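I opened a notebook page for this structure and set down what I looked up, entry by entry.

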Amino acid sequence: MKSPARRPHGAQGAPYGRPSRSRARQAPYLFLVPAIVLFLLFFALPIGYAVWLSFRKVQVSGLGLGAGAREEVWAGLENYAGALSDSELLHGALRVLVYGCVVVPVMLGLALLFALMLDAERVRLAHFTRLAIFLPYAVPGVVAALLWGFLYLPSVSPFSFVLDALGLPQPDLLDGGPLYGALSNIAVWGGTGFNMIVIYTALRAVPAEVYEAAKLDGATPLQIALRIKIPMVAPSLVLTFFFSIIATLQVFSEPTTLKPLTNSVSTTWSPLMKVYQDAFGNGDIHAAAAQATLIAVATLVLSFGFLRTANRRTKQEAGR
């Protein structure tokens, strides 16, 4: 039998079916095509359409009856000027600001505390405790708001019956100032577990030799937690704070779900509720698009401003 002829050295083409160098360079981009298509269809295109709608308005001629009586025309910055001067939108933003000042510190403080406790030595039932703290995050926000809403409602809440039996006053948690605490409790209950897992994972990644060296120097567990563990997980704290800011600015399901249970929650309690009411309640989709765009811009500015400040402080501390 004759041996197969060998390809001369330097001949063109890939030997033995191996892909050419140009195809190898194109392979990563081919894998990115599905993600790029999904990003354009379900993220970039809706955002672009919302921005386009925000610069339009419906012009009514005459009584608004008949064909051609309503026409969509260019509005320029009219919708944005109306949104910035809308008192209901501004009041909703202030309510969300108060809500965030309660939710973010309490949620991240509890998440850090639970993570430090689970990372301590000789912790009993650590797996069960970690799962129990994380489990509320798996409950959908609407379901969680319904569960807590019925616990807040005096007519059906078991806590009200216990307080009545003890002769103690029954606070109305769905009215006035306590409403912020009631809404914040739902967010803290559902979000603490996720943030705890992020911080706890960062703690488990710290080398054990760091703790052993601190113990040899006579550091107590409290000193190790304050001077070693918390500074080591600072990037995780920044990340969880970043996610918490975005979630706070987008609060919608909790007040919307509690609205049928109390008159203290209006249809425009939060900015996103105002957008929903204008778009689907009042039928003014153009004004709603302008408000949604402003909310998105405010979220981006606050988020990236915080990240830039945190990165600058990190670089300053690293340079010392």
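Where is Leu125 found? I located Leu125 in the loop between α3 and α4, the latter covering 126-134. I note at the outset that the model is predicted.

**Entry: Leu125.** I looked up the backbone of Leu125 and read a phi near 55°, a positive value in a residue other than glycine. Most residues other than glycine have a negative phi. I then checked accessibility: Leu125 has a relative accessible area of 61%. I class Leu125 as exposed because the cut-off for that class is over 50%.

**Entry: the chain as a whole.** I counted secondary structure next, and the protein chain has 13 helices and two strands. For the overall dimensions, I found that the C-alpha trace spans about 95 × 80 × 50 Å along the principal axes of the protein chain. Of the 320 residues in the protein chain, 31% are buried. I also looked up the surface, where the protein chain exposes about 21,200 Å², and carbon and sulfur atoms supply 67% of that area. Turning to contacts between residues at least 6 apart in sequence, I found that 65% join residues at least 24 apart. For the charges, I noted 25 positive and 17 negative ones in the protein chain, with mean positions 21 Å apart.

**Entry: His91.** I placed His91 in helix α3, which runs over residues 87-119. Its relative accessibility is 43%, so I record His91 as partly exposed. I then took the C-alpha to C-alpha separation of His91 and Leu135, which is 34 Å in space for 44 residues in sequence.

**Entry: α6 and its ends.** Which side-chain atom did I find at the start of helix α6? A side-chain oxygen of Ser157 comes to within 3.3 Å of the backbone nitrogen of Phe159, where the helix covers residues 158-165. Just after α6, I read a positive phi of about 75° at Gly167.

**Entry: Thr240.** I found Thr240 in helix α10, residues 234-249. Is Thr240 buried or exposed? Thr240 counts as buried because its relative accessibility is 0%. Not counting residues up to four places away in sequence, Thr240 touches Leu108, Asn195, Val198 and Ile199.

**Entry: Ser303.** I placed Ser303 in helix α13, residues 285-319. Ser303 has 2% relative accessibility and therefore counts as buried. Leaving aside neighbours within four places in sequence, I found Ser303 in contact with Phe242 and Ile246.

**Entry: Ser253.** My last entry concerns Ser253, which lies in helix α11, residues 253-258. How accessible is Ser253? I read a relative accessible area of 22% and record Ser253 as partly exposed, because only values under 20% count as buried. Beyond its neighbours within four places in sequence, Ser253 is in contact with Gly141 and Val142. I also looked up Pro140: Ser253 and Pro140 are 113 residues apart in sequence, and their C-alpha atoms are 9.7 Å apart in space.

Note on methods
Residues numbered from 1 in each chain as written. Predicted model: local features only at pLDDT ≥ 70, side-chain atom pairs only at ≥ 80, totals over all residues. Heavy atoms only, no water. Helix = DSSP H or I, 4+ residues; strand = E, 2+ residues; numbered from the N terminus. Buried < 20%, exposed > 50% of the residue type's maximum accessible area, 1.4 Å probe, protein only. Contact = heavy atoms within 4.5 Å. Areas by Shrake-Rupley, 256 points an atom, 1.4 Å probe, with all protein chains shown as cover. Lys, Arg positive; Asp, Glu negative; His and termini not counted. Charge placed at Lys NZ, Arg CZ, Asp CG, Glu CD. Polar contact = N/O pair within 3.5 Å; in protein donor to acceptor, adjacent residues only side chain to side chain.
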